[in-house]
Amino acid sequence: MPRFDVVILGGGAGAEAVCGAGLGGRTVAVVEELRFGGGCPFVACMPSKAMLHSAAERVGGVATRPAFAPADYRSAADRRDRVVEHRDDSQHLSELQGQGVETIRGRGKVVAPGVVEVNGDRLEATDLVIATGSEPTLPPIQGLADVDYWLSDRVLTTADLPESALVLGGGPVGAELAQILARYGCETSLIEVAPRLLGEEEPELGRALAATLGGDGVEVLVGQRVVRASSPGGLRVRLDLEDGSQREAQILVVATGRRPRIADLGLELYQLPGDARALSCDRQGRALGQAHLFGVGDVTGVAPFTHTANYQGRVVAANLRGESVLADYRAIPRAIYTDPPLAAVGLTRTRAAASGISVASASFPLAETARALAEDVGRGEVVIVTDAAKGVLVGAAAAGPGADESIGWAALAIRTETPLSVLLDTVAPFPTYAEAYLAALRSLAPGSARS
């Protein structure tokens, strides 16, 4: 039985981060069932951003209802496929191998503590890292299993533009896919069961996203539960909504969320409860109650983003090297890359108040910045959330041009607990949208006219 110091199940971003951070000469094997590199480079993050970029160039930043353009969509898909190297994982594979990692393609399963079976062979590991990512969840809709629904990876690998689409789910994935399709002339409806889009974020972000999608011609339906799916004639998909109305389209896209991929991995041999929804880990990345089992990425259920997996991978690598490093999740940015983008970090006002923080918050419209005047931007907003007792920033949200980049300013301030007095004494370049953060902060100062 081959023995390794570390065996990693899953060859995505988390595994690459663990190996790339260096393990001090330890022997490592990475087991991957599908593509080394994971889903992000091939069927998720990168192809969606490539298509969003092409869609933004097509409409020129002006909200329109463009004509149906399958030829333009195919051209954008060709560019997308070049960006993702036609979903060829050779580069990811060679980079791991160049780091001295043993790469094994196949499905790995724990058959005893510290023993993994792959393709009928067994590997022994001193430390086991679970980095198997996440998988789509499906809503409990009558008839859904009987219709030809699409998941996000199918949308992001096809070159054919549907004439019409129903998108279930108003989160980041659903919103980005809806904008891509609509900007190429696909008649698109977005259906969200919650009373507003982005219900876990500040209300300003949900309103901004609804306005953006509406400007692109997307029909945005919130507070709507789908009770039945059917395919009359087998050529189109029909959804019956709880209010008695119906929507029909050529395709149905299901983007209602994802869950950690922990089923059928044999983790019950590590006393993981059968009904566990994630691999719960401490701040060192160790599975709770285990000395030699670690989790990295979406499988942990913590902030399911590629940048989280990268961060957790570095933390786990340090602890595998024998160091004592703790993850700090207070300032993990969350972004939606629609045009314009939205972003948030830290606590919302509601969550901050619920945790007992003495909340002082403020907002500032981007339209009141000089940059917005120069670029004719009439919408967008920045929200800040502070701990008035400690005098530090604990949360921020932004909607509008550059939101995905400028949120880094707030993330650093939260992570370092920079005093508000120091933040107020910083200088933002003029004219930039980042000035809105400082304007919101100044409005909290004693004697300010704004609130």
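A: Helices and strands here are DSSP runs, numbered from the N terminus, with at least four residues of H or I for a helix and at least two of E for a strand. Keep in mind throughout that this is a predicted model.

Q: What is the omega of the peptide bond from Phe-430 to Pro-431, and in which loop is Pro-431 found?

A: That bond is cis as well, with omega near -5°, and Pro-431 belongs to the loop between α13 (420-424) and α14 (435-442).

Q: Turning to phi, what is the value at Glu-85, and is Glu-85 buried, partly exposed or exposed?

A: Although Glu-85 is not a glycine, its phi is positive, at about 55°. Glu-85 is placed in the loop between α4 (70-83) and α5 (90-98). For accessibility, the general idea is that buried means under 20% relative accessible area and exposed means over 50%, with partly exposed in between. Glu-85 has a relative accessible area of 36%, and therefore counts as partly exposed.

Q: How should I read Asp-376 in terms of phi and accessibility?

A: Asp-376, which is not a glycine either, has a positive phi of about 60°, and its place is in the loop between α11 (370-375) and β21 (381-387). Because its relative accessibility is 71%, Asp-376 is classed as exposed.

Technical notes. Residues are numbered from 1 along each chain as its sequence is written. This is a predicted model: local features need pLDDT of at least 70, side-chain atom pairs count only at pLDDT 80 or more; totals for chains, interfaces and linings use all residues. Side-chain values use heavy atoms; hydrogens and water are left out. Buried means under 20% relative accessible area, exposed over 50%, partly exposed in between (1.4 Å probe, protein chains only).
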